Amino acid sequence: MSDPIATDPIATDPNAGADVTPEATAKPPVRIFLVVVDESPELQLALRYACLRARKSGGKVALLYVIEPGEVQQWLALENLMREEQRAEAEQKLQKLARDVNRLTGTLPALYVREGNRRDEVLALIDEEPSISILVLAAGVEPEGPGPLISYFTNRGLAKMRIPLTIVPGGIGIDALDAIT
């Protein structure tokens with residue numbers, strides 16, 4: 001007499017009877033947390049939050065540095081020199097932050113340097129890079145308000161977003177931030 005378990009295709013093949021279409025076996029897309037790099041003190045909060053969330057969710061971090069246009073220069077050579085210096089500073093800052101991201105997540109971030117209006121460049125990058133799934137900003141604690149990007153993206157700019165916006169409170173401490181991520 002034959003053993004019914006040995007001849008049962010479901011018992012001998014763990015994938016038998018399962019949906020093995022490419023859609024069923026494909027991994028979910030990696031979540032990319034975009035952080036806008038600037039000189040604000042709250043950048044460190046947004047970066048830490050994005051790193052901790054990326055690490056816990058198997059995601060990655062992307063850093064965007066936008067070089068905003070300066071005043072019109074009279075001499076093209078001087079304008080080009082200033083642009084080169086700003087780009088070198090941007091790359092240097094991104095490299096430093098990339099080391100921090102690597103230390104917190106174990107992965108290297110995607111790095112972007114753009115020239116133009118900061119909010120326009122954030123929107124353009126989000127539209128161009130479908131892998132970016134969350135924009136992470138941290139609110140300032142100054143009396144002027146949370147910051148120009150948050151003010152824009154929580155008002156008129158929200159309708160232009162295709163991804164969620166996460167706002168990290170500027171007054172949150174590192175211990176509290178670590179506890180919620």
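What follows is a short chat about the predicted model above.

Me: What should I know about the model before reading numbers off it?
Reply: It is predicted: local features need pLDDT of at least 70, side-chain atom pairs count only at pLDDT 80 or more, and totals for chains, interfaces and linings use all residues. Residues are numbered from 1 along each chain as its sequence is written, and side-chain values use heavy atoms, with hydrogens and water left out.

Me: How many helices and strands in the chain?
Reply: The chain has 8 helices and 5 strands, taken as DSSP runs numbered from the N terminus (helices H or I, at least four residues; strands E, at least two).

Me: In what order do they run?
Reply: From the N terminus, α-α-α-β-α-β-α-β-α-β-α-β-α.

Me: How much of the chain is buried?
Reply: Of its 181 residues, 35% are buried, meaning under 20% relative accessible area with a 1.4 Å probe, protein chains only.

Me: Switching to glutamate 42. Where is it?
Reply: Glutamate 42 sits in the loop between strand E1 (32–37) and helix H4 (43–57).

Me: Which side chain of opposite charge is nearest to glutamate 42?
Reply: Arginine 118, 9.4 Å away. Glutamate 42 is buried and has no salt bridge, which would take a side-chain nitrogen of Lys or Arg within 4 Å of a carboxyl oxygen of Asp or Glu.

Me: And what does glutamate 42 touch?
Reply: Leaving out neighbours within four places in sequence, glutamate 42 contacts Ala138, Ala139 and Gly140; contact means heavy atoms within 4.5 Å.

Me: Now glutamate 121. Buried or exposed?
Reply: Glutamate 121 counts as buried because its relative accessibility is 16%. Its place is in helix H6 (residues 118–128).

Terms used
Buried means under 20% relative accessible area, exposed over 50%, partly exposed in between (1.4 Å probe, protein chains only). Lys and Arg count as positive and Asp and Glu as negative; His and the chain ends are not counted.
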